[in-house]
2 protein chains.
Amino acid sequence: MGTKTIPIVKKILNANDQIAQENNKVFKDNNILTINVMASPGSGKTSMILRTIKELSSMCRIGVIEGDTAPVTIDSDKVSNLDIPVTQINTGGECHLDAMMVRKGMEQLDLTNLDLLIIENVGNLICPAAFKLGEDFSVVVASIPEGDDKPYKYPNIYRGIQALILNKIDLLPYLDFDMDYFQKGIEVLNPGVSFFPLSCKTGEKFGPWINWLKNYL
Amino acid sequence: MGTKTIPIVKKILNANDQIAQENNKVFKDNNILTINVMASPGSGKTSMILRTIKELSSMCRIGVIEGDTAPVTIDSDKVSNLDIPVTQINTGGECHLDAMMVRKGMEQLDLTNLDLLIIENVGNLICPAAFKLGEDFSVVVASIPEGDDKPYKYPNIYRGIQALILNKIDLLPYLDFDMDYFQKGIEVLNPGVSFFPLSCKTGEKFGPWINWLKNYL
């Protein structure tokens, strides 16, 4: 019996990953750095985005895609008030953005006029982790009041991200938050991830996050 | 042409609702009051449950089903340390509990020895809203640091609940939280819902919540 050649099929992307890859190519072709911002509801994603815009809008052209489960424009209005192009995706109750939704959002923006695209995902510490959007970097915004045990309880969202912001450090004096315990949890899931404890409200320690982003712009 | 009789099929429950209804019958047969506690990660569900146990365990027999996406027993251990029967459901990354998971959890508890069953859902402000578990009451634990706009952004979870706890009022002095704006959002979604602003940490205003629960025990 002769040796047969077994055909090897390369890893086939699922539909979402396929579209995410296509989205990323569009971003690359337009020299746009894209970040996917994920977090629990109320951790301060929008505050982080607004302050990032204020810090960077003099040096680069920024656009925002806002993901919301409900058809309210609370966050989009805040971005729009800063004269930044923004498009909102209403997921219609869905718990995450997916690559096709982002593609639809991209169609509403002039991509030739952007250097940085910030995608604000739906507030959810579970489902968004499973859906690539085409971003260059994924960022999680955690926050002090959520507690130091979140990496242990919601591990998937912390894996595979490139930056972790820990917001609301101005509240540290009023809460029991064990920073070592939090960081140990992160270290196991995502060793060496860029880590930025800061306050979007007071601006304390916001600089290192901005500098990290500038490195890629 | 004679008048035909058109057969009318009653509303058919989906599989989850069917099992939820069966679960509820088991609870009723055992005279157990069951509450489904839903919230965003870090709002204080477990703290609320622990304090409720401390306040009520002298007057009734309490059991807990803990829902977690990850196989860690952080919350279950805290409950177990109070000598309360607890069973944990690891959803394996799933973003909510469903009625079948709860049925499996029920099998691990001695239901003939319970008056109150507290089910702690997975921390998520979106997906759990769509899955009845068989509970008598659904309760959402919101919290001050999450912000006053959550009812507008995550409306579904606030609809159809019987009680709304607003936790961490001890942090009100340090945060911008417009109570009127929050309550107006709730009023539209769920007029007249029982509302309990309180602090699980300090115990401030915890009494009205306990009294509400006692009414049904």
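The model is predicted. Is A:S143 buried or exposed? Its relative accessible area is 3%. Buried means under 20%, so A:S143 counts as buried.

The side chain of A:S143 makes a polar contact with the side chain of A:E146, at 2.8 Å. Beyond its sequence neighbours up to four places away, A:S143 touches A:S43, A:L166, A:N167, A:K168 and A:F177.

A:S43 belongs to the loop between β1 (33-39) and α2 (45-56) of chain A. This serine is buried, with a relative accessible area of 0%. Its side chain reaches the backbone oxygen of A:V141 at 3.2 Å.

Which residues does A:S43 contact, leaving aside neighbours within four places in sequence? They are A:V141, A:A142, A:S143, A:E146, A:N167 and A:K168.

## The loop between β7 and α8

In chain A, A:C200 lies in the loop between β7 (194-197) and α8 (207-214). A:C200 is buried, at 7% relative accessible area. Not counting residues up to four places away in sequence, A:C200 touches A:G44, A:S47, A:M48, A:R51, A:N167 and A:F206. A:C200 and A:D75 are 125 residues apart along the chain, and their C-alpha atoms are separated by 15 Å.

A:K205 is found in the loop between β7 and α8 of chain A. Its phi is near 60 degrees, a positive value in a residue other than glycine. In chain B, B:K205 lies in the loop between β7 and α8. B:K205 has a positive phi of about 60 degrees, although it is not a glycine.

Helix α4 of chain B covers residues 99-106, and its buried residues are B:A99, B:M101, B:V102, B:G105 and B:M106. Why are they on the same side of α4(B)? They cover an arc of only 155 degrees around the axis. The buried residues of α4(B) pack against α1 (15-29), β2 (62-68), β3 (86-90) and β4 (116-120) of chain B. The N-terminal end of α4(B) is capped by B:D98. A side-chain oxygen of B:D98 lies 3.1 Å from the backbone nitrogen of B:M100.

Now take helix α8 of chain B, residues 207-214. Here B:W209, B:I210, B:W212 and B:L213 are buried. They cover an arc of only 160 degrees around the axis, so they are on the same side of α8(B). The cover over the buried residues of α8(B) includes β1 (33-39), α2 (45-56), β4, β5 (137-143), β6 (163-167) and β7 (194-197) of chain B.

## Salt bridges

Side chains of opposite charge can pair when their charged atoms come close. How many salt bridges does the structure hold over all chains? There are 14.

One joins A:K25 and A:D29, with the closest N and O atoms 2.9 Å apart. A:K25 and A:D29 are four residues apart in helix α1 of chain A, so about one helical turn separates them. Both A:K25 and A:D29 are exposed. Another pairs A:D136 with A:K28, at 2.8 Å between the closest N and O atoms. A:D136 lies in the loop between β4 (116-120) and β5 of chain A, and A:K28 lies in helix α1, so the pair ties together parts that are 108 residues apart in sequence. A:D136 is partly exposed at 21% relative accessible area, and A:K28 is partly exposed at 49%.

A:D149 and A:K153 meet in a salt bridge at 3.2 Å, N to O. A:D149 is buried at 9% relative accessibility, and A:K153 is buried at 8%.

## Where the chains meet

Chain A and chain B bury about 2,600 Å² between them, 60% of it on carbon and sulfur atoms. In chain A, A:P41, A:K153 and A:Y174 lose the most area to chain B, together 22% of what that side buries. The contact takes 34 residues from chain A and 34 residues from chain B.

Two salt bridges cross the interface. A:K153 forms a salt bridge with B:D75, with the closest N and O atoms 2.8 Å apart. The side of chain A that touches chain B divides into 17 nonpolar, eight polar and nine charged residues. A network of salt bridges links A:D75, B:D149, B:K150 and B:K153.

Note on methods:
Residues numbered from 1 in each chain as written. Chains lettered and ligands numbered in written order. Predicted model: local features only at pLDDT ≥ 70, side-chain atom pairs only at ≥ 80, totals over all residues. Heavy atoms only, no water. Buried < 20%, exposed > 50% of the residue type's maximum accessible area, 1.4 Å probe, protein only. Helix = DSSP H or I, 4+ residues; strand = E, 2+ residues; numbered from the N terminus. Arc of directions from axis to C-beta. Contact = heavy atoms within 4.5 Å. Polar contact = N/O pair within 3.5 Å; in protein donor to acceptor, adjacent residues only side chain to side chain. Buried area = accessible area lost by both parts, 1.4 Å probe. Salt bridge = Lys/Arg side-chain N within 4 Å of Asp/Glu carboxyl O. Nonpolar A, V, L, I, M, F, W, Y, C, P; charged D, E, K, R; others polar.
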